[in-house]
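Please find below a colleague's note on the model shown here.

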Amino acid sequence: MRVATDGEYDDVIMVGFKPSILNGTHVLEDDNVTIYSECIGQYTYTSTLGASISLPGVYADKVVIN
């Protein structure tokens with residue numbers, strides 16, 4: 001999931017995680033979350049318009065919906 005840190009749209013990280021760590025809940029737009037994670041370096045993907053986007057990437061061991 002893409003997460004805006006401190007609510008800033010321009011300060012975004014990509015968070016990977018196993019869905020099972022959410023115990024059946026879902027993270028929705030505008031939810032505030034706390035993420036316990038490990039940095040995995042730069043994460044690059046292709047946008048729907050075909051542009052290459054690179055963001056800092058992390059892999060979460062725990063996601064808490066506040």
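**Notes on the predicted model**

1. The structure contains one aromatic pair (ring centres of Phe, Tyr or Trp, the last by its six-membered ring, within 6.5 Å; planes under 30 degrees apart are stacked, over 60 edge-to-face, the rest tilted). The ring centres of Tyr-43 and Tyr-45 lie 6.0 Å apart with planes at 35 degrees, so the pair is tilted. Tyr-43 is partly exposed, at 36% relative accessibility (buried is under 20%, exposed over 50%, partly exposed in between; 1.4 Å probe, protein chains only).

2. This is a predicted model: local features need pLDDT of at least 70, side-chain atom pairs count only at pLDDT 80 or more, and totals for chains, interfaces and linings use all residues. Residues are numbered from 1 along each chain as its sequence is written, and side-chain values use heavy atoms, without hydrogens or water.

3. The largest nonpolar core has seven residues: Val-3, Ile-13, Val-15, Leu-22, Val-58, Ala-60 and Val-63 (buried Ala, Val, Leu, Ile, Met, Phe, Trp, Tyr and Cys joined through side-chain atoms within 4.5 Å). E2 and strand E4 (52-65) each supply at least two residues of this core (strands are DSSP runs of E, at least two residues, numbered from the N terminus). The most, three residues, come from E4.

4. Which residues does Ile-13 contact, leaving aside its neighbours within four places in sequence? They are Met-1, Arg-2, Val-3, Thr-5, Leu-55, Pro-56 and Val-58 (contact means heavy atoms within 4.5 Å).

Definitions and conventions:
Helices (H or I, at least four residues) and strands (E, at least two) are DSSP runs, numbered from the N terminus.
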